[in-house]
Amino acid sequence: EYFSMKVILFGATGMVGQCVLTECLKSSIIKEILVVGRKSCGIESEKIKEIIHNDFMDYSEIESQFQGYDACFYCLGVSSVGMSKDQYYDITVNYTAAIAEVLGNLTPAISFGFISGAGTDETEKSRTNWARVKGKAENLLRQYPFKSLSLHRPAYIKALKGIKVSYATAKYFDWLIYPLVKTLWPKYVITSEEMGQAMINSMFQKEKVRILENNEMKRLAGKDTPITTS
C-alpha cells in the first residue's frame, strides 16, 4: 500500500516555490498539489490544481478548498531590499498570520513548512530588520496547533536547470560567487533540488517544531521519504 500526500503550495512562481514544486512533481508520494497564487505557475500536470487568489489577508472565499490536505509549503516571501519596513512586515508576518489562522482552525492536523532564511533571529532583537521580522513570523507560527512545523533557513540557493531566478544578477553570482562559497563555506550552499527535497522530507519529522539551518536541510534532502505505510 503506497503512502500518498496532498499538499498546498504558496509562492510557486518564486525561486524557492519553483524548487518545491519541481520536486513535488517528481515525488512518488505526492499525489496532488494545490497551488495558490496571484498568477498561474504555468505548468500543466495531472497533479496540479490551481487557485488564482489576490488577497493574502483574506481567504474566506476559498478556505473551504483547503480541507483534506496533509501539508502546506509556505514559500511566499520577498527580499527586504528596496522595500519599506511596513511592506516587508506586512508580507512576511501578516500574510503568514492570515494563512496560519485559517489552516490552524480548519485543518490543525496539517504539517506546515515555512521558508525563513539563514540569519533569522528568533529573539527578535537583531539590529537587522529582516532578521527580526523573519523571527517574528517564525515565533507566530509556533502558536498554532499544526501537526508539525518546520522552519527552513536556506542560505545560498544554487538554481539548477529549469528554475528561473528572480534577480538579473544571478548568473554573475553563480559564475563568480557560487564556486567560492561552495569551496570555502560548503555548509552555506544548497541546490534548488536539495531545497525542494528537504521541504518534502520535513513533513515526516517527529518533532513538533524544528528549525532547519542550511546544512541540516542538505542532510535531510539526502534521506529517503517513506513511500509505503506500515
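**Ground rules.** I note that this is a predicted model, in which local features need pLDDT of at least 70 and side-chain atom pairs count only at pLDDT 80 or more, while totals for chains, interfaces and linings use all residues. Residues are numbered from 1 along each chain as its sequence is written, and side-chain values use heavy atoms, with hydrogens and water left out.

**The chain as a whole.** I count six helices and nine strands in the chain, taking helices (H or I, at least four residues) and strands (E, at least two) as DSSP runs numbered from the N terminus. Of the 230 residues, 48% are buried, where buried means under 20% relative accessible area, exposed over 50%, and partly exposed in between (1.4 Å probe, protein chains only). Among contacts between residues at least 6 apart in sequence, I find that 69% join residues at least 24 apart.

**Ala155, continued.** I place Ala155 in the loop between strand E6 and strand E7 (156-158), and its relative accessible area of 33% makes it partly exposed.

**Cores.** I then turned to the nonpolar cores, each a set of buried Ala, Val, Leu, Ile, Met, Phe, Trp, Tyr and Cys residues joined through side-chain atoms within 4.5 Å. The largest has 33 residues, of which Ile8, Phe10, Tyr59, Phe66, Leu103 and Phe112 touch the most other members. The elements giving two or more residues to this core are strands E1 (5-10), E2 (30-37), E4 (71-74), E5 (111-115) and E6 (148-153), together with helices H2 and H3. H2 gives the most, with 10 residues. For Phe112, not counting residues up to four places away in sequence, I list Cys72, Tyr74, Ile99, Leu103, Leu141, Phe146, Ser148, Leu149, Ser150 and Met203 as the residues it touches. I also find a second, separate core of 32 residues, which includes Ile30, Ile48, Ala71 and Met195.

**Helix pairs.** The axes of H2 (residues 85-106) and H3 (residues 129-141) come within 9 Å and cross at roughly 10 degrees; these axes are lines fitted to C-alpha atoms, for helices over the stretch in contact, and angles run from 0 to 180 degrees between N-to-C directions. I therefore record H2 as roughly parallel to H3, given that angles under 35 degrees count as roughly parallel, over 145 as roughly antiparallel, 65 to 115 as roughly perpendicular and the rest as oblique. The residues that meet include Tyr88, Tyr89 and Val93 in H2 and Trp130, Val133 and Leu140 in H3. I sort the residues of this contact into 10 nonpolar, three polar and three charged, where Ala, Val, Leu, Ile, Met, Phe, Trp, Tyr, Cys and Pro count as nonpolar, Asp, Glu, Lys and Arg as charged, and the others, Gly among them, as polar.

H5 (192-202) and H6 (residues 214-221) pack at an angle of about 80 degrees, with their axes 8 Å apart, and are therefore roughly perpendicular to each other. Here Glu194, Met195, Gln197, Ala198, Asn201 and Ser202 in H5 meet Met217, Lys218, Leu220 and Ala221 in H6, which I divide into five nonpolar, three polar and two charged residues.

**Gln205.** I find Gln205 in the loop between H5 and strand E9 (209-213), and at 11% relative accessibility it counts as buried. A polar atom of its side chain lies 3.0 Å from the backbone oxygen of Leu149, and a polar atom of the Gln205 side chain lies 3.2 Å from the backbone oxygen of Glu207. Leaving aside neighbours within four places in sequence, I list Ser148, Leu149, Ser150 and Arg210 as contacts of Gln205.

**Other loop residues.** Glu124, in the loop between E5 and H3, has a positive phi of about 60 degrees although it is not a glycine. I set this against the rule that most residues other than glycine have a negative phi. At 29% relative accessibility, Glu124 counts as partly exposed. Asp55 is in the loop between E3 and E4, and its side chain reaches the backbone nitrogen of Met57 at 3.0 Å.

Terms used. Contact = heavy atoms within 4.5 Å. Polar contact = N/O pair within 3.5 Å; in protein donor to acceptor, adjacent residues only side chain to side chain.
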